[in-house]
Every structure is written in C-alpha cells, then in structure tokens.
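Open the model in your viewer and keep the selection panel at hand. The stops below go one selection at a time.

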Amino acid sequence: MRRTALTTAVLAASLSGSLTAGCAHSDGDDNRAPQHTATPAAPPAPGPQVAASGSPLVVKIDNVPAARPQNGLDAADVVYAEQVEGGLSRLLAVYATRLPETVGPVRSARESDLELLRQFHRPTLAFSGAHRKLLPQIGKAPLRAQSADQDPSAYFRATGKAAPHNLYLHPAKLLTSAPGRAALTTGYRYGPAPSGGTPTAARTLRYPAARFTFTWSAERHRWLVAMDGTSTAMADGARVEPATVVVQHVRIRDSSYRDVLGNPTPYTETVGSGKAEVLRDGRSFDASWSRPRATDGTSFTTAGGRRMNFAEGQVWVVFAPAP
C-alpha cells in the first residue's frame, strides 16, 4: 500500500508551491531547484548520458522530520551523516552496487562535500543547488555535478510533502547502470571481526538539533537505525539496516558560508586523522582513522594497530565532533 501511495504521489507531482514553506532552517540555495519539472508517468528508461565507468552516484539527502520517510537510503552502499546549519543533519548516500528507482528528498550541497568526494573517481553528485558562492567551486571540482538546474529531467516534485522537502531523483536518468563495488574507493576493508570489543546493545549520537540511534538486532544481524527518536524506514516500508556503523570523530568548524537566517555552515574536516568507534556484530571497537590526502580513502586501525575490518553490507559513517 505504501508503494502504491508513493507511485500515486509521483504521478501527481506538484507543479507549484513555495520552495521555502515548512522549513524554518531553509538554506535559500535550495530555491535553485526547478518548480515545474515534468514528471514521467512510468519509471524512466536508463539514460544514455553516462557510462558507469567506475564512478559512483552520490546524492545529498534531506534529513529533517518533514523530509521523512525518505526513498532509496536502504540501497546505498555507504551513508554519511553530517551536521549542517542550526545543528541539524543531512545525509550523503553513495550508490555503486545498486541503483534504486527513486532517491530523496534531494537537498543542497555543502563545501565539505567536495573534500569528502575527492576519494572517488569523478563521482556523479546529485543535489538540489548550493550557495551561489559555492557553485563555482562545485563546477571546478573533479566530479560530475548534476543539480536539478543542470538536468531537470532527472528530478521531479511529489505531492504529500511541502517544498523544499519534495524533490526526488530518478538515478537511472544519470547513470546507465550501477558501476559496481570497485567504484567504492573508500579505503574500507571488509572481513572477520577482530577479537575483543565491547558488547553494545545501542549507541546514540547527538548533534545540537538531531539524534541518531543504532540498535543491534541479533535476529537480523544488523543495526536498526532511528533518527530523532523514530525508527527509520523508507516510504515503501523497507528498513535501513547497516551492517557496520562508524562514529568518526572529526574537527567541525565554521565555513565562510551562512544560510539565509545567518547560521554559519559547518565544515566537516575528513582529511587528517583521529579517533573512531566501529560498531559491528553487536560490539563496539575502539579504532583510529587516517586519511592523509583528499584523494585517499580512509583507513581504520584497531587499538592494537591492526587494520579494522568492517562487516559485509551497508556502512553508516556519522561524523561526530572530536572531543
């Protein structure tokens, strides 16, 4: 029934409405997204624009309560959670092994996204827009920027949510097919768990105005995600169940950008080194992370200095302020 409702919403995509309604922390740059994007009556055929030559699709996803339930998060290989203006959170989802039918709601890019994405080979970045001063930097970055302005045929607005929380993407309009696991040049290593670790039933992480909780399910052998106290499921009912959760302690500083309310845009530094916690198999492991250059992936080591293996499956990385 939920899938049917979503399809109905897609067919009745809204062609009007304020782009800032219902968003007290609106960026302003999301106003760059088109209001009158045509909505296809059926899922689109794979577009010929891009060959899946080892480059993943990366989508900036809204994560305020008004944007939920989202679409397509369950299909991502890696999900990054980051702090944005007003202490809220947004997600950056990376797709390499599977492309869902729709992803969203799609929101705007941030300066620190460009540093994070340097680890991939010319990734396709799907986003709704960006601060006008940031757009030139995005244009010069080694990625394929596909905003709602640049390729409006790939995006649509659905009913049931107020703008700007209703912009969605058809990934098949941007990539002909999923590029495969080789495109995940994250530096992560997968394999058996190390010895030790602390039994962990749940782990909660907080930003000033957002909260993530990961609860271990022995039955499903996965971490069940809750955001702001509500269990996370997609619009079609699919659950979000990462096999590995990484709490990566990083420096979060103010960038030179501000939103329309005057809130400074945080810059999350993902190049460098620091402490981390790795949750897998119902246990928590103390670890360290290292990413010497922006073009490098991020390696994780155990407290004993060995490479930290992740469990096979989806990985969530929550960027937490370093102590």
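**Stop one: a strand end**

Select Ser-217, which lies in strand β11 (residues 210-217). Strands here are DSSP runs of E, at least two residues, numbered from the N terminus. This is a predicted model: local features need pLDDT of at least 70, side-chain atom pairs count only at pLDDT 80 or more, and totals for chains, interfaces and linings use all residues. Residues are numbered from 1 along each chain as its sequence is written, and side-chain values use heavy atoms, without hydrogens or water.

Ser-217 has 10% relative accessibility, so it counts as buried (under 20% relative accessible area, 1.4 Å probe, protein chains only). Leaving aside neighbours within four places in sequence, show its contacts: Arg-222 and Leu-224 (heavy atoms within 4.5 Å).

**Stop two: Thr-244**

Move to strand β14 (residues 244-250) and pick Thr-244. Its relative accessible area is 0%, so Thr-244 is buried. Draw a distance from a polar atom of its side chain to the backbone nitrogen of Ala-311: 2.9 Å. Beyond four places in sequence, the contacts of Thr-244 include Trp-223, Phe-310 and Trp-316.

**Stop three: a pocket**

Which residues lie nearest the centre of the second largest pocket? Select Pro-194, Ser-195, Phe-285, Thr-302 and Arg-306. The lining has 14 residues in total: six nonpolar, five polar and three charged.

Terms used: Helices (H or I, at least four residues) and strands (E, at least two) are DSSP runs, numbered from the N terminus. Buried means under 20% relative accessible area, exposed over 50%, partly exposed in between (1.4 Å probe, protein chains only). A polar contact is a pair of N or O atoms within 3.5 Å; within protein, one must be able to donate a hydrogen and the other to accept it, and residues adjacent in sequence count only if both atoms are side-chain atoms. On a 1 Å grid over the protein atoms alone, a cavity is a set of points where a 1.4 Å probe fits but cannot get out, and a pocket is an open set with protein on both sides within 12 Å along at least five of seven lines; lining residues have an atom within 4 Å of a point. Ala, Val, Leu, Ile, Met, Phe, Trp, Tyr, Cys and Pro count as nonpolar, Asp, Glu, Lys and Arg as charged, and the others, Gly among them, as polar.
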